[in-house]
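Let's take a walk through this structure, one piece at a time.

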Amino acid sequence: MNKYDTELAVVGAGPAGLCTAIEAARLGVETTIIDEHVRPGGQLFKQIHKFFGSYRHHAGIRGYTIGQQLLDEIEKLGVQVLLSSVAFGFFEDGIIGMYSSGKVFPLRARKSVIATGAIEKPLIFKGWTLPGVMGAGAVQTMINVHGVLPGTRVLMVGSGNVGLIVSYQLIQAGAEVVALVEALPEVSGWHVHAGKICRLGVPILLSHTIEQATGRESVEGAVIAEVDGDFIVKKGTQRKLDVDLICVAVGLRPLVELARLASCHLEYVPGLGGFLPLHDEHMRTSKEDIYVAGDITGIEEASTAMEEGKLAGISAAHALGKLNDETYTMMSRVINTNMHELRLGTFGEERRKCKEDIVRKFAGRMIS
Amino acid sequence: MARAEGVLTIEEIRNCPGWPGEESIEKKRVAVLECVEDIPCNPCEEICPVGAIEVGSPITNLPTVDGEKCTGCNQCIAICPGLAIFVVEKNHSEQLSSISIPYELLPLPERGERVEGLDRSGEWVCDAQVERVLASKKFDRTHIVMVTVEKKFCHDVRSIKIP
Amino acid sequence: MRIEKHPILDYEGKGSMVFILVNGREIEAIEGEPIAAAILASGIKVFRHTPKLNSPRGVYCAIGRCTDCVMKVNGIPSIRTCITPVEPGMIIESQDNVHEQV
């Protein structure tokens with residue numbers, strides 16, 4: 001297979017990118033996946049919990065098992081996977097600038113899918129740069145993928161699903177979660193995730209925040225405090241905690257650099273994490289040959305990332321003439337139905353609205 | 001509200017659709033689905049071999065359990081991604097109730113071991129005895145630990161601590 | 001520290017144990033794991049100090065984005081240790097004052 005020329009380039013070997021490649025390859029598209037990491041799978045392999053949804057969405061199956069299934073399929077289909085390879089820009093004539101093993105080379109692709117995922121947001125507080133203050137996702141990677149515990153007495157900051165799940169997984173890894181602080185007056189993630197850690201004795205301190213990480217060369221403690229309705233620290237409520245690891249779980253934002261370099265139109269959508277590339281209902285951006293899928297299009301879950309990936313895959317295949325209109329419409333209807341299911345309910349409402357808005361805004365922009 | 005803090009009250013559980021009903025609780029070993037939020041999710045319905053659990057469409061519906069049909073086979077305990085299902089037998093014996101909980105920690109408790117019975121907020125409620133520890137390839141690393149407790153605590157104990 | 005036994009995960013099939021040098025100290029590492037994981041596993045938390053304020057820095061994002069974890073590896077500075085795999089005999093050094101050396 002030619003490293004310099006491909007029909008479809010997929011940047012990002014996470015759940016979205018892998019599903020894109022699988023669908024496209026099944027339809028006969030010559031596909032190349034690019035990922036800067038040494039191993040494919042994105043954040044799937046650190047998801048050691050069982051997934052929600054229905055059997056269609058791999059419910060009841062652990063994230064890493066799903067990851068392995070996707071990788072097995074990629075191998076069976078003979079998709080070219082370029083690991084430890086950075087796609088650093090999009091140039092004219094569909095050229096992607098590539099850097100790998102000390103060499104720079106062009107990769108020509110007829111169509112591209114950017115599926116670069118997301119990054120954790122930081123929280124700034126006194127002492128936030130001390131070794132021992134880490135993103136919750138970073139800690140999750142260390143404990144679940146590498147088998148390394150960066151600390152044994154933990155303060156978790158944030159009660160979204162990431163904070164709740166990683167707290168549970170830290171206990172599974174043998175650490176003690178001394179407390180979880182949440183600035184809101186209620187748990188922001190799902191009750192079931194909170195329930196799991198509450199019944200293991202983890203105190204969830206609502207209307208609380210971290211004021212400071214203390215320690216000379218690394219985290220030796222934390223100062224937490226109560227906050228009022230405007231999130232202002234209430235005087236005199238400070239309390240010291242004896243911890244050696246502080247996990248920050250305050251949300252994710254899409255990794256849009258490549259989309260921006262490719263001149264895709266971006267829009268700021270706070271409900272989905274920040275700046276993200278606008279796209280139509282086929283996952284196509286303002287650049288005709290560039291599609292997007294997964295968390296780069298807005299922070300959701302691995303399940304939605306996989307569905308979006310499938311959609312981008314068949315859309316690209318359709319644009320490349322591998323699929324007729326009728327079959328494409330039928331297939332996209334199935335994927336959209338499955339995707340829509342994942343956005344139902346109270347927790348999905350905001351995401352659903354934002355996603356519908358994106359497609360609407362895209363249409364509006366393309367006309368003007 | 002208790003749900004928003006991560007801890008359901010017994011009242012909230014009795015009122016949720018996953019409560020099998022007082023009659024079944026008194027009569028037999030039965031699943032209690034402590035599931036109260038409209039998250040799109042239904043593997044409990046899909047796995048139940050006797051069709052006792054119903055979610056239907058849309059899959060955000062809260063699951064209900066038909067106490068008559070339920071055989072207490074434990075499969076729903078293991079597959080629930082939220083670890084929110086328990087199998088309770090209030091009248092396990094003259095004095096004791098049994099509660100089967102999902103367990104994904106090390107060390108595993110051992111049959112016959114005396115452990116601490118904790119409630120939904122992790123507080124010690126009573127001592128419990130481990131009667132069985134079940135593992136199965138189907139359960140995919142979620143063990144089912146069955147403990148016996150004094151009857152009056154059968155709706156409280158949902159977690160254990162190995163002393 | 002390394003997790004010996006885990007209720008869900010098996011640690012079989014990990015690469016072989018090798019040795020690397022971190023600021024002159026020999027530590028055990030698994031071939032292929034990120035350098036940062038090996039360093040954290042050995043109990044070292046401080047990877048470098050910042051040039052102006054001499055602040056200790058370690059691992060933050062672990063996904064190759066924040067550059068908190070950069071170190072000199074086999075003489076090459078600014079290597080993101082959180083995404084760079086261990087090779088046997090690697091020489092890893094804190095790059096305090098690297099701007100003076102260049």
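Predicted model: local features only at pLDDT ≥ 70, side-chain atom pairs only at ≥ 80, totals over all residues.

Start where chains A and C meet: 27 residues of chain A are in contact with 28 residues of chain C, where contact means that the C-beta atoms of two residues, placed from the backbone, lie within 7 Å. On the chain A side, β7 (118-120), β8 (133-135) and α3 (136-144) are the elements that give two or more residues. Of these, α3(A) gives the most, with five residues. Sorted by class, this side of chain A has 13 nonpolar, eleven polar and three charged residues. Here Ala, Val, Leu, Ile, Met, Phe, Trp, Tyr, Cys and Pro count as nonpolar, Asp, Glu, Lys and Arg as charged, and the others, Gly among them, as polar.

Residues are numbered from 1 along each chain as its sequence is written, while chains are lettered from A and ligands numbered from 1 in the order in which they are written.

Chain C has a mean pLDDT of 93, and 95% of its residues reach 70 or more; pLDDT is the predictor's confidence in each residue, from 0 to 100.

**Chains A and B**

Chain A has nine helices and 19 strands, and chain B has five helices and nine strands. Along the sequence, chain B runs α-α-α-β-α-β-β-α-β-β-β-β-β-β. Its radius of gyration is 15 Å, close to the 15 Å from the globule rule for 163 residues, so chain B is as compact as a globular protein of that length. For chain A, with 368 residues, a compact globule would have a value near 21 Å, and chain A's 21 Å agrees. The radius is taken over C-alpha atoms, and the globule rule is 2.2 Å times the number of residues to the power 0.38.

How much of each chain is buried? For chain A it's 56% of the 368 residues, and for chain B it's 47% of the 163 residues. A residue is buried if 20 or more other C-beta atoms lie within 10 Å of its own, exposed if 12 or fewer, and partly exposed in between, again with C-beta atoms placed from the backbone.

Chain A also splits into domain 1 (5-119 + 252-367) and domain 2 (122-248), with bounds that come from an automatic or database domain assignment. The C-alpha centres of these two domains of chain A lie 31 Å apart. Their contact takes five residues from domain 1 and seven residues from domain 2.

**Where A meets B**

Now look at the other meeting place, where 35 residues of chain A are in contact with 31 residues of chain B. Which element of chain A gives the largest share of this side? That's α5(A), with seven residues. By class, this side of chain A has 17 nonpolar, twelve polar and six charged residues.

Zoom in on α5 (191-198) of chain A. Eight of its eight residues are buried, among them A:H191, A:K196 and A:C198. Their cover includes α4, β10 (176-182) and β11 of chain A, together with α1 (2-5) of chain B.

Most residues other than glycine have a negative phi, and most peptide bonds are trans. The bond from B:S57 to B:P58 is cis, with omega near 0°, and B:P58 sits in the loop between β2 (53-54) and β3 (64-65) of chain B. Another cis bond joins B:L106 and B:P107, with omega about -5°.

A:S207 has a positive phi of about 55°, lies in the loop between β11 and β12 (208-214) of chain A, and is partly exposed. C:T67 has a phi near 60° and is exposed, with 12 other C-beta atoms within 10 Å.

Conventions
Helix = DSSP H or I, 4+ residues; strand = E, 2+ residues; numbered from the N terminus.
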